[in-house]
Amino acid sequence: MNLAPLPDQYRHAPFVEDCAPRRLLRLFSGKWTTMILHTLHLLGGASRPGQLQRAIPGLSKKMMTQTLRELEQMGLVAREVMQVMPPAVEYGLTPLGQHFVTPLEMLYRWGAENAELLDCVERNRHMALKP
């Protein structure tokens, strides 16, 4: 995978508050943000809340709702209330949200291809926590 080099302003400190790397980290800093975007993509771009929650073990209903609301406020996800009885809700990626799927897929692919490095980090962290 060949990526263009970073612009010069991101090759040295200081990194100002509104620089792209810091804005991106703030965007993805929520524990479930990337998993929800990724899962919506895998589910065809949209999902009902129950299906989404079943697809992400460990995601509580409260955290799912909170994260979906934040993603909706950012314009990455749209909420659609379907006029059926009983009313149903579906969340889907917006065109803006779809632009963030490619870098997430690249990051997740790297993680899958380098699982042994992630294992090493987890072992190191575990060893550091031992008294």
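Modeller: Leu 117 sits in helix α7, which spans residues 115-129. Keep in mind that this is a predicted model.

Biologist: Why is Leu 117 called partly exposed?

Modeller: Buried means under 20% relative accessible area and exposed means over 50%. Leu 117 has 43% relative accessibility, so it counts as partly exposed.

Biologist: What makes Leu 117 part of a surface patch?

Modeller: A patch residue needs over 30% relative accessible area, and Leu 117 has 43%. Together with Trp 110 and Leu 118 it forms a nonpolar patch of about 290 Å² accessible area.

Biologist: Now to Phe 28: why is it called buried?

Modeller: The relative accessibility of Phe 28 is 19%. The cut-off is under 20%, so Phe 28 counts as buried.

Biologist: How do you know that Phe 28 and Phe 100 form an aromatic pair, and what makes it edge-to-face?

Modeller: Their ring centres are 6.0 Å apart, and the limit is 6.5 Å.

Biologist: What does the pair tie together?

Modeller: Phe 28 is in the loop between α1 and α2, and Phe 100 in the loop between α5 and α6, so the pair links parts 72 residues apart in sequence.

Biologist: And which residues have the most contacts inside the largest nonpolar core?

Modeller: Ile 36, Leu 37, Leu 52, Leu 68 and Val 77, in a core of 19 residues. Elements α2, α4, β3 and α6 each supply at least two of the core's residues. Leu 37 touches residues including Phe 28, Leu 71 and Leu 104.

Technical notes
Residues are numbered from 1 along each chain as its sequence is written. This is a predicted model: local features need pLDDT of at least 70, side-chain atom pairs count only at pLDDT 80 or more; totals for chains, interfaces and linings use all residues. Side-chain values use heavy atoms; hydrogens and water are left out. Patches are made of residues with over 30% relative accessible area and no salt bridge: like charges are joined within 9 Å, nonpolar side chains (Val, Leu, Ile, Met, Phe, Trp, Tyr) within 5 Å. Accessible areas come from the Shrake-Rupley method with a 1.4 Å probe; for residues, only the protein chains shown count as cover. A salt bridge is a side-chain nitrogen of Lys or Arg within 4 Å of a carboxyl oxygen of Asp or Glu. Helices (H or I, at least four residues) and strands (E, at least two) are DSSP runs, numbered from the N terminus. Buried means under 20% relative accessible area, exposed over 50%, partly exposed in between (1.4 Å probe, protein chains only). A nonpolar core is a set of buried Ala, Val, Leu, Ile, Met, Phe, Trp, Tyr and Cys residues joined through side-chain atoms within 4.5 Å. Contact means heavy atoms within 4.5 Å. Rings of Phe, Tyr and Trp (its six-membered ring) pair if their centres lie within 6.5 Å; planes under 30 degrees apart count as stacked, over 60 as edge-to-face and the rest as tilted. Lists of a residue's contacts leave out its neighbours within four places in sequence.
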